[in-house]
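Dear colleague,

I am passing on the structure we spoke about, and below it I have set out what was found. Please keep it open beside this message as you read.

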Amino acid sequence: MFAITAARIAPDDPLSGLEAGERPDPEPREGWTTVRVKAASLNHHDLWSLRGVALGEDRLPMILGGDAAGIDENGDEVIVHSVITEPAAPGTTPRFSLLSEHYDGTFAEKVLVPKANLLPKPAELSFEEAACLPTAWLTAYSMLFDKADLRPGSTVLVQGAGGGVSVALIKLAAQVGHRVYVTSRDEDKRAKALELGAYAALPSGERLPERVDVVFDSVGQATWKHSVRSLKPGGAIVTCGATSGDAPPAELTRVFFLQLRVLGSTMGTWEELRALTEMCVRTGLRPEIDRVLPLKDAAEGFRAMAEGDVFGKIVFTS
């Protein structure tokens, strides 16, 4: 089968480790099933994998990709939840991983996944839309509705308009009535954020007209100080990534004096993915898709993400 593979780890030139070509079909495994991939979406996780984050040389070559929608062995249209849970021995904690870390991912014509990781794809969602949900949109959903503990009419700040998680947060938060502030260095991205329902979009680092209840930060080092200083007393930062670096000044004096909270968030549960899918069906909310490319042109999508030339999700079809 045709697949997009991490063949080498290259921290300084990640795209040089990307290869496209034929790979063996998945081998049957008890409790797992093969999905014929119709669409898969690109995430920063895939780019970081090429840099060696969460993917070691000893596991290469590895088919990249975590998100997918396709057709299972029964002919049913399905969405893949990409969090793999390993059975735990008594008295131990289960081990979690994402597809493409220990098991081949979704940037292929077929992917092998646990049967329990599938959920039905509603007819109302296209394969391309459904493929955007399991990572970026699920992460945003869990950050907003689980970790943030917000009430209707809250004020929030989304740092860095453009990425898949950020765009999902804007659309989800606006959908439920929060006042959404957004930052970006890019004027066009700020304008697009307003079109998606943001209350205001400001240049990165600019002081907000008011302090907010929660900041959603996936940027890290470049925005951390601004995030901390944008919060009301008792507010929270919910972080799911650090694309600009993970070692900012902690701002501990402000954190403890204003009794701020820092909450980490990674992915979400199968149940949250089902609820997110149902929300999209009922409300008409849909992922923002930047571009759709054939799988053979995946390098173009990786290049756009590496250069920051993206607003929403990049989707590959096979």
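Which residues does Phe216 touch, leaving aside those up to four places away in sequence? In this predicted model, Phe216 is in contact with Met143, Leu144, Ala148, Leu150, Val156, Leu157, Val158, Gln159, Leu169 and Val238. Phe216 also belongs to the largest nonpolar core, which has 46 residues, and is listed with Leu172 and Leu276 as having the most contacts inside that core. Helix H3, residues 133-147, supplies the largest share of this core, namely 8 residues. There is also a second, separate core of 35 residues, and among its members are Val37, Ala40, Val78 and Ala304. As a general point, nonpolar side chains in soluble globular proteins tend to be buried together.

Turning to the sheet, 6 strands form an open arrangement with parallel pairing, in the order E13-E12-E11-E14-E15-E16. Because strand E13 (200-203) and strand E16 (261-264) stand at the edges with a single partner strand each, one side of each is left without a neighbour in the sheet. On average, and with direction ignored, neighbouring strands of this sheet are turned by 20° against each other.

Within the sheet, strand E14 (residues 212-217) pairs with strand E15 (residues 231-239) in the parallel sense over 5 bridges, and Ala236 in E15 is the bridge partner of Val214.

As for the helices, H4 (residues 164-175) lies across strand E11 (155-159), strand E12 (179-184) and E14, and runs at about 165° to E11. Helix H5 (residues 187-195) packs on the sheet as well, where it touches E12 and E13 and makes an angle of about 165° with the direction of E13.

With best wishes

How values were computed:
Residues are numbered from 1 along each chain as its sequence is written. This is a predicted model: local features need pLDDT of at least 70, side-chain atom pairs count only at pLDDT 80 or more; totals for chains, interfaces and linings use all residues. Side-chain values use heavy atoms; hydrogens and water are left out. A nonpolar core is a set of buried Ala, Val, Leu, Ile, Met, Phe, Trp, Tyr and Cys residues joined through side-chain atoms within 4.5 Å. Buried means under 20% relative accessible area, exposed over 50%, partly exposed in between (1.4 Å probe, protein chains only). Helices (H or I, at least four residues) and strands (E, at least two) are DSSP runs, numbered from the N terminus. Contact means heavy atoms within 4.5 Å. Two strands pair if DSSP finds at least two bridges between them. Axes are lines fitted to C-alpha atoms, for helices over the stretch in contact, and angles run from 0 to 180 degrees between N-to-C directions.
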